[in-house]
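Thanks for asking me to look this one over.

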Amino acid sequence: MKDSQGPLWEVFVQKKAGQPFVHCGSLHAYDKEMAIENARDLYTRRSEGSALWVVPAAAIVASSPEDAGSFFEPSNDKVYRHPTFYQIPEGVKYI
Amino acid sequence: MTKQEALFKYTLRLSDNSLILAQRLSEWTSKGPFLEEDLALTNIALDILGQANSLLEYAAKTEGKGRTSDELAFFRNEREFYNTLLVEQPNGDYAQTILRQCLIDNFDLLFYTELAKSKDETLAAIAAKSIKEITYHVRHTSSWVDRFGNGTEESHTRIQNALNELWRFTDELFEMNDVDALLLKENVAVDLAALKPIWKKQVEATLEKANLKLPETVFMQTGSRNAKHTEHLGYILAEMQYLPRMHPTAKW
């Protein structure tokens, strides 16, 4: 049977102004307006956020699992890319 | 009729509108056209149930005879309910539910915006809280009226049929009686007659955008101000009141 619920959208919720928008799930909707309303009803009913993004799932470019090896594994043996070889001076608080 | 009695009757009427409408909308829960819309309508029903709860508690307090809000909701009969006929009309198809809701949302937004200025502080506070909720309801249901009206031939036919069916219950929303008159003088009640032309203009704009036409000859129905209802209310109450009446001493 053909899916009649409309295209898929991905939902991002911002908890407070200034914080990043975090992906929280997806939904079906026929257009932008319905998508943002559905996102409000599905994902912010329990005061989870103060702002919303909805993005057509089709607009998202994703890396594929087959690429995982060439994309991510080369960084595993390059510990020198992590800033862990420095002595942190005493008195520096926020690092 | 004292002012206190009028305030009780007035608050009870508002409670009943919300309570019966919430019960009607809840019938859709888990049966909505698709998951997202099912939740959206259930949210709306829950908002309205919350309004009913606040209003019923105030009604119980105003009556001052020791009846609780639950007793008012579950132990009154059909001829003691004062909700308008529109809210008790069957859900029909989704177009009919949406159209009924859109007509009521437009009314409620105007009504509660005015009630928020009431001299009665409790009613004003309940109204102020409700405005934000209803603002969203109007947005949601108006966009659905637009979608149905400008969608396919079938969706257009369905929402036009809904309008033809329900329009006859709209005059009653603005009916005023001695309760309104008494409380209007005290700056507690809302002047419904003054709301009517504004409501009509707004609703007509929404309907026109959705390419819908008002039915031409309509006999406007009336009765709820005297607790006279259509045949549907009895069935709603039967379902809503069954459990507490079977087990009156049951506790959550």
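This is a predicted model: local features need pLDDT of at least 70, side-chain atom pairs count only at pLDDT 80 or more; totals for chains, interfaces and linings use all residues.

1. Let me start with B:Glu204. Is this residue buried or exposed? B:Glu204 has 12 other C-beta atoms within 10 Å, and a residue counts as exposed at 12 or fewer, so B:Glu204 is exposed. The residue sits in helix H9 of chain B, which covers residues 192-209.

2. Now for chain B as a whole. How many helices and strands does chain B have? The count is 10 helices and zero strands, so the pattern along the sequence is simply α-α-α-α-α-α-α-α-α-α. The radius of gyration of chain B is 18 Å, close to the 18 Å that the globule rule gives for 252 residues, so chain B is as compact as a globular protein of that length. Along the principal axes, the C-alpha trace of chain B spans about 55 × 45 × 35 Å.

3. Of its 252 residues, 42% count as buried. Among the contacts in chain B with a separation of 6 or more, 77% are between residues 24 or more positions apart.

4. Next, a pair of helices to look at in chain B: H5(B), residues 94-115, and H6(B). Their axes come within 7 Å and cross at roughly 145 degrees. The crossing of H5(B) past H6(B) is left-handed. By class, the contact of these two helices has 16 nonpolar residues, eight polar ones and two charged ones.

5. Helix H6(B), residues 121-149, also packs on H7(B), residues 153-166. How are these two helices placed relative to each other? The angle is about 125 degrees, with the axes 7 Å apart, and that makes H6(B) oblique to H7(B). From H6(B), the contact is made by B:Val145, B:Phe148 and B:Gly149, and from H7(B) by B:Ser155, B:His156, B:Arg158 and B:Ile159. By class, the residues of this contact divide into three nonpolar, three polar and one charged.

6. Chain A has another make-up: its secondary structure comes to two helices and three strands. Along the sequence, these follow the pattern β-β-α-β-α.

7. Of the 95 residues of chain A, 15% count as buried. Residues 24 or more positions apart account for 44% of the contacts in chain A with a separation of 6 or more.

8. How many residues does each chain bring to the contact between A and B? Chain A brings 10 residues and chain B brings seven. On the chain A side, the elements that give two or more residues are strand S2 (21-28) and helix H1 (32-43). H1(A) gives the most to this side, with five residues. By class, the side of chain A that touches chain B has three nonpolar, three polar and four charged residues.

9. Finally, two serines deserve a glance at their backbone. A:Ser47 has a phi near 55 degrees, a positive value in a residue other than glycine. A:Ser47 is placed in the loop between H1 and strand S3 (51-56) of chain A, and it counts as exposed, with 7 C-beta neighbours inside 10 Å. In chain B, B:Ser30 also has a positive phi, of about 80 degrees, although it is not a glycine. B:Ser30 is found in the loop between helix H1 (3-26) and helix H2 (35-63) of chain B. With 9 C-beta neighbours inside 10 Å, B:Ser30 counts as exposed.

Methods:
Residues are numbered from 1 along each chain as its sequence is written. Chains are lettered from A and ligands numbered from 1 in the order in which they are written. Helices (H or I, at least four residues) and strands (E, at least two) are DSSP runs, numbered from the N terminus. A residue is buried if 20 or more other C-beta atoms lie within 10 Å of its own, exposed if 12 or fewer, and partly exposed in between; C-beta atoms are placed from the backbone. Two residues are in contact if their C-beta atoms, placed from the backbone, lie within 7 Å. Axes are lines fitted to C-alpha atoms, for helices over the stretch in contact, and angles run from 0 to 180 degrees between N-to-C directions. Angles under 35 degrees count as roughly parallel, over 145 as roughly antiparallel, 65 to 115 as roughly perpendicular and the rest as oblique. Ala, Val, Leu, Ile, Met, Phe, Trp, Tyr, Cys and Pro count as nonpolar, Asp, Glu, Lys and Arg as charged, and the others, Gly among them, as polar. A crossing is left-handed if the near helix is turned anticlockwise from the far one by less than a right angle, and right-handed if clockwise. The radius of gyration is taken over C-alpha atoms; the globule rule is 2.2 Å times the number of residues to the power 0.38.
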